[in-house]
Amino acid sequence: MAEASFEPRIIGFLCRWCSYPGADLAGSSRIKYPPNMIPIRVMCSGRVDPSFVLKALTDGADGVLIAGCHPPTDCHYQSGNIKAMRRYPLLIEMLEQFGIEKERVRLEWISASEGGRFAQVVAEMTDEIRELGPLGWRKDAALSGSTALSGSTALSLSKGAVV
């Protein structure tokens with residue numbers, strides 16, 4: 001069990017067309033949810049490369065949320081959410097090989113009208129990661145070991161960044 005003062009840092013890659021407006025709806029509706037998620041707007045969940053997830057984790061995130069349009073037909077780019085859905089099991093398998101618990105990365109479908117669902121997902125994920133404790137896997141530790149992770153992906157972990 002994690003220490004009582006630990007507050008997880010979660011990076012959220014949110015689809016510009018569905019999940020990001022869903023987060024906006026949660027905020028404008030004043031739905032309460034933990035402030036632990038830093039949103040990064042991407043044009044499509046299919047645009048989230050596994051290297052983005054690795055970069056977020058090596059830069060200090062304790063978890064990553066990938067949120068997109070509901071499959072199969074809600075994607076504004078026709079099949080981006082299907083691409084994300086196909087990549088996700090491979091990403092989880094790769095992270096497990098690095099010793100990272102699969103609960104730290106989550107793929108969810110949240111539409112623009114689902115502010116309540118967005119808040120629920122963030123709250124659940126925050127609680128799960130709080131139970132897991134800090135990842136304790138930082139860029140300097142990963143690079144000093146035998147793991148070959150390079151941070152060449154340009155990614156800002158500031159609030160509201162766009163990739």
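This is a predicted model: local features need pLDDT of at least 70, side-chain atom pairs count only at pLDDT 80 or more; totals for chains, interfaces and linings use all residues.
How far apart should the ends of helix H3 be, at 1.5 Å a residue?

## Helix H3

H3 runs over residues 80-97. At 1.5 Å a residue, its 18 residues should span 26 Å, and the C-alpha atoms at its ends are 26 Å apart, so the two values agree. Along the way, H3 bends by about 30 degrees at Arg 87. A proline, Pro 89, follows within four residues of that bend. After the helix comes Gly 99, with a positive phi near 85 degrees.

Which residues of H3 are buried? They are Gly 80, Asn 81, Ala 84, Leu 91, Ile 92 and Leu 95. Their cover includes helix H2 (50-58) along with strands S3 (63-68) and S4 (105-109).

## Salt bridges

Now for the charged side chains: the structure holds eight salt bridges. One of them joins Arg 130 to Glu 7, with the closest N and O atoms 2.9 Å apart. Arg 130 sits in helix H4 (residues 115-132) and Glu 7 in the segment before strand S1 (10-15), so this pair ties together parts that are 123 residues apart in sequence.

Arg 130 also forms a salt bridge with Asp 127, at 3.1 Å between the closest N and O atoms. These two are three residues apart in H4, which means about one helical turn separates them.

## A linked network

Arg 106, Glu 108, Arg 117, Glu 124 and Glu 128 are linked in a network of salt bridges. Within the pair Glu 108 and Arg 117, the closest N and O atoms are 2.5 Å apart. Glu 108 is buried, with a relative accessible area of 11%, whereas Arg 117 is partly exposed at 29%.

Terms used
Residues are numbered from 1 along each chain as its sequence is written. Side-chain values use heavy atoms; hydrogens and water are left out. The expected span of a helix is 1.5 Å times one less than its number of residues. The bend at a residue is the angle between axes fitted to the seven residues ending there and the seven starting there. Buried means under 20% relative accessible area, exposed over 50%, partly exposed in between (1.4 Å probe, protein chains only). Contact means heavy atoms within 4.5 Å. A salt bridge is a side-chain nitrogen of Lys or Arg within 4 Å of a carboxyl oxygen of Asp or Glu.
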